[in-house]
Amino acid sequence: MPKFLTRKEVVIPIILIACMLLFIVVRLAIRDRYGVDGDVYGYPVVIATDEDDESAVNVDVIGVHITGAVYAPGFYEVPRGSRINDLVQIAGGATEYAFLDAINLAEIAHDQMQVHVPVRGEMTPDGLQRRINLNTATSAELQTLPGVGEAVAARIIDLRQRMGGFRRVEDLLNVNGIGPTVFENMRDLIVVP
């Protein structure tokens, strides 16, 4: 009488065969991506010949560090000639709070560069003022706004604390000393994320 294979005896070999095929496909994909001749993404790799020197140098790949308002800040190796916009995209894209006008997205990245994507209202490293975040700004930052001195800045901070934060920029009209004219002069310089 013929013996029939159990379900377990059939499924296990099928799984093993599928795993072997997957392994072969992955190995072929890696070989195609990195190439058999030592290329990485189509860029030649120059490897140090001294056995004591553990550094391998790829002359066409650079290391760049991106921080700030991107979804995946960190260190990235990118092809030489990449632009800052490419780096922002590699880092998961800009967050909704990013102030991309503060950086030059067309700039070509260079090795060992750090790129900081500021949030709206953040002061840039070169000291230029960008939009001021009314919910996080210090008294000194508020005083850079037209028509805001030390006393008005203190009133803005006081109102912010009492309200639990501004919900819209128009809430500034509730501050004693900020009327419609002063508000219109600063409207483009302030933000409430």
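User: How many helices and strands does the protein chain have?
Analyst: This is a predicted model. Along the sequence, the elements follow the pattern α-β-β-β-β-β-β-α-β-β-α-α-α-β. For the protein chain, that makes five helices and nine strands.

User: What share of the residues of the protein chain count as buried?
Analyst: Buried here means under 20% relative accessible area. The chain's accessible surface comes to about 12,900 Å², with 57% of that belonging to carbon and sulfur atoms. Out of 193 residues, the buried share is 29%.

User: Which element gives the most to the largest nonpolar core?
Analyst: That core has 20 residues, and Leu134, Leu142, Val148, Ile156, Leu172, Ile178 and Ile190 touch the most other members. Two or more residues come from each of α4 (150–163) and α5 (180–186). With five residues, the top contributor is α4.

User: Which residues does leucine 134 touch, leaving out those up to four places away in sequence?
Analyst: Leu134 is one of the core residues that touch the most other members. Touching means heavy atoms within 4.5 Å. On that basis, the partners of Leu134 are Leu142, Arg160, Phe166, Val169, Leu172, Ile190, Val191 and Val192.

User: Which residues make up the uncovered face of strand β7?
Analyst: In a regular strand, side chains alternate between the two faces of the sheet. Over residues 113–117, β7 has Met113, Val115 and Val117 on its covered face. The uncovered face is Gln114 and His116.

Notes: Residues are numbered from 1 along each chain as its sequence is written. This is a predicted model: local features need pLDDT of at least 70, side-chain atom pairs count only at pLDDT 80 or more; totals for chains, interfaces and linings use all residues. Side-chain values use heavy atoms; hydrogens and water are left out. Buried means under 20% relative accessible area, exposed over 50%, partly exposed in between (1.4 Å probe, protein chains only). Helices (H or I, at least four residues) and strands (E, at least two) are DSSP runs, numbered from the N terminus. A nonpolar core is a set of buried Ala, Val, Leu, Ile, Met, Phe, Trp, Tyr and Cys residues joined through side-chain atoms within 4.5 Å. Accessible areas come from the Shrake-Rupley method with a 1.4 Å probe; for residues, only the protein chains shown count as cover.
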